[in-house]
Amino acid sequence: MAIRRSSKLPQAAAIKQMLKRCSSLGRKPNGEKEGPPDDVPKGHFAVYVGASRSRFIVPISFLTHPEFQSLLRQAEEEFGFGHDMGLTIPCEEVVFRSLTAMLR
């Protein structure tokens with residue numbers, strides 16, 4: 001039996017790529033890097049949640065949790081990452097708050 005190599009990136013690398021693709025924060029209109037917004041502390045990133053696109057600042061450590069990774073996959077499927085809004089999470093704000101409370 002031959003061993004098949006997967007072409008998939010390791011999960012952590014794939015998540016990093018998703019964040020890079022979806023993050024328009026800290027970029028000037030001409031594409032030059034400006035740095036993260038002042039209200040996003042080091043080790044955190046911003047996400048937009050719910051119909052009203054409420055903004056949340058979450059720790060990068062959430063990326064290691066399977067529940068949060070599932071939300072990122074849903075975001076990629078529903079919205080893709082080629083838009084200027086930043087990382088948009090497709091769930092209700094109440095559900096997101098509940099999940100993030102459990103992850104802390």
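Is Phe 96 buried or exposed in this model? At 1% relative accessibility, Phe 96 counts as buried, where buried means under 20% relative accessible area, exposed over 50% and partly exposed in between, computed with a 1.4 Å probe on protein chains only.

## Basis and confidence

This is a predicted model, in which local features need pLDDT of at least 70 and side-chain atom pairs count only at pLDDT 80 or more, while totals for chains, interfaces and linings use all residues. Residues are numbered from 1 along each chain as its sequence is written, and side-chain values use heavy atoms, with hydrogens and water left out.

The protein averages a pLDDT of 76, and 62% of the residues score at least 70; pLDDT is the predictor's confidence in each residue, from 0 to 100. Among the elements of the protein, strand 2 has the highest mean pLDDT (94) and helix 1 (residues 11-22) the lowest (57); helices (H or I, at least four residues) and strands (E, at least two) are DSSP runs, numbered from the N terminus. Where pLDDT is low, the predicted coordinates should not be read in detail.

## The sheet and its hairpin

Three strands make an open sheet in the order 2-1-3, with mixed pairing, two strands being counted as paired if DSSP finds at least two bridges between them. Strand 2 (54-59) and strand 3 (88-89) are the edge strands, each of which pairs on one side only. Strand 1 (residues 44-49) runs parallel to strand 3 and is joined to it by two bridges, with Thr 88 of strand 3 as the bridge partner of Tyr 48. Strand 1 and strand 2, by contrast, pair in the antiparallel sense over six bridges, and Ser 54 in strand 2 is the bridge partner of Val 49. Five of the six residues of strand 1 are buried, so this strand is largely enclosed by the rest of the structure.

Strand 1 and strand 2 form a hairpin with four residues between them, and Gly 50 in the turn has a positive phi of about 80°. Arg 53, placed in the loop between strand 1 and strand 2, has a phi near 55°, a positive value in a residue other than glycine. Most residues other than glycine have a negative phi. At 31% relative accessibility, Arg 53 counts as partly exposed.

## Aromatic contacts

A search of the whole structure finds four aromatic pairs; rings of Phe, Tyr and Trp (its six-membered ring) pair if their centres lie within 6.5 Å, with planes under 30 degrees apart counted as stacked, over 60 as edge-to-face and the rest as tilted. One of them joins Phe 45 and Phe 68 edge-to-face, at 6.1 Å centre to centre and 75° between the planes. Phe 45 lies in strand 1 and Phe 68 in helix 2 (residues 66-79), so the pair ties together parts that are 23 residues apart in sequence. Phe 45 is buried, with a relative accessible area of 11%, and Phe 68 is buried at 0%.

Phe 68 also forms a tilted pair with Phe 96, at 6.3 Å centre to centre and 55° between the planes. This pair links distant parts of the chain, with Phe 68 in helix 2 and Phe 96 in helix 3, 28 residues apart. Phe 45, Phe 56, Phe 62, Phe 68 and Phe 96 form one aromatic cluster.

## The nonpolar core

The largest nonpolar core has 18 residues, and those with the most contacts inside it are Val 47, Val 58, Phe 68, Leu 87, Ile 89 and Phe 96; such a core is a set of buried Ala, Val, Leu, Ile, Met, Phe, Trp, Tyr and Cys residues joined through side-chain atoms within 4.5 Å. Strand 1, strand 2, helix 2 and helix 3 each supply at least two residues of this core, and its largest share, four residues, comes from helix 2.
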